2 protein chains.
Amino acid sequence: MKNIIGILGGMGPAATADMFQKFIQFTPAHCDQEHIPLVISSIPDIPDRTTSILRGGESPLLAMEERIYGLENAGAKCILIACNTAHYWYDELKEKCHVDMLNIIDSTINEVLQMGKTKIGILATDATLATKLYQKTLEKYGLICLLPNEEHQKSVMESIYLYKSGEIQKAEELMLIQRDELIRYGAEVIILGCTEIPLILKNAMREQPTLYEDSTAALVRAAIRWYQTH
Amino acid sequence: MKNIIGILGGMGPAATADMFQKFIQFTPAHCDQEHIPLVISSIPDIPDRTTSILRGGESPLLAMEERIYGLENAGAKCILIACNTAHYWYDELKEKCHVDMLNIIDSTINEVLQMGKTKIGILATDATLATKLYQKTLEKYGLICLLPNEEHQKSVMESIYLYKSGEIQKAEELMLIQRDELIRYGAEVIILGCTEIPLILKNAMREQPTLYEDSTAALVRAAIRWYQTH
């Protein structure tokens, strides 16, 4: 059995399917057998990450741990978590995990650093911003983080939950306004720091691919490198 | 843990991703937590099914068995196989499997029978046709099966392997000709009896949705019913 990559997904399922699609799209394969072996857990009854961090809701930690063991039991040798906010628990999960684990925040920041831009917009959940998952490292490198103001950030969250509830067009319209706001602040590149956002801004990304740094895509590229070197 | 559905995929990965997408699309969910729990195995180094059946190539049976146990270990309570041709080994796999298993051929035929049509075209691999996976049951119900002639069937296979190798547009052009041929023979509905074909004919299906019976979609609908009753 080859070095299987395990995806801890379901947060939400559409973002997990997007990660799966990006593996297929980014792998130069000429037949089934040349594709990267994946095991994907999309078991979505995981307590909401933002609610847990910001409003003291039930922690998703145990549910995520359980799913990681499921992936290990299915043969995974490297785990990816298809959710930015969940990386608040990354260190704890990594400690419990018996195989390799890659970090979506680090993978994304590594790509941003190579762009040579200084003003970095971030579209992410309230909890990802409040816990400074991205800002801590970006500011260490002297980069300027541009975030939506309080009112606009409310709309970012509304857009994400609209998308999760199937209201795709409304989600897109609302997120485009928040993107424009970050550009108005001077953002030279915008991190899509929630795995739902590359889906919400799919059309916009096709029009201006270099304006965005897609965290899902960054993690998939890091995982393909892991696979090629193991 | 809820009743997890396990998908034995990787044959090929794009067809597996399509099955995942159809679960998301067909489930009336308002938040992550309402989606159906899935564990997906897309470990594609499984010996080619058609080569094994028709040209005595290595059997994929052991590789499929191994992946089913992986899904069981990850918590799956019902297994789906995202490949029509692989159903040649369905009975053997079902015997080895410790949980429920649904059949893509039966799910598809059940939907065809409800359509009240009599002339059924079939687009599938050489091996699916040679082993009469569809014809045996359809003819038992008095339906007429219309298959491409030898030359056209060669092009069906060529289209499937073109798609698997990433030549998506060429695959589509070639498959449309084979579809037209089945219509010329009098087909009232066309079974897409290979999980790659709904991807190859994606645009055509959007134009004339009632002309096709998509085997992937039929299996997903059967699995959603299984989930709702367990």
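Is the crossing of helix 1 of chain A and helix 12 of chain A left-handed or right-handed? I find it right-handed, where right-handed means that the near helix is turned clockwise from the far one by less than a right angle, and left-handed anticlockwise.

I note that this is a predicted model, in which local features need pLDDT of at least 70, side-chain atom pairs count only at pLDDT 80 or more, and totals for chains, interfaces and linings use all residues. Residues are numbered from 1 along each chain as its sequence is written, chains are lettered from A and ligands numbered from 1 in the order in which they are written, and side-chain values use heavy atoms, with hydrogens and water left out.

I looked up the geometry: helix 1 (residues 13-26) and helix 12 (residues 215-228) of chain A pack at about 50°, with axes 9 Å apart (axes are lines fitted to C-alpha atoms, for helices over the stretch in contact, and angles run from 0 to 180 degrees between N-to-C directions). The two helices of chain A are therefore oblique to each other (under 35 degrees is roughly parallel, over 145 roughly antiparallel, 65 to 115 roughly perpendicular, the rest oblique). Helices (H or I, at least four residues) and strands (E, at least two) are DSSP runs, numbered from the N terminus.

I then listed the contact (heavy atoms within 4.5 Å): among the residues of helix 1 of chain A are A:Phe23 and A:Phe26, and among those of helix 12 of chain A are A:Leu219 and A:Ile224.

Turning to the sheet, I read an open one of 4 strands in the order 6-5-7-8 (chain A), with parallel pairing (at least two DSSP bridges between two strands). Strand 6 (144-146) and strand 8 (212-214) of chain A stand at the edges, each with a single partner strand, so one side of each lacks a neighbour in the sheet.
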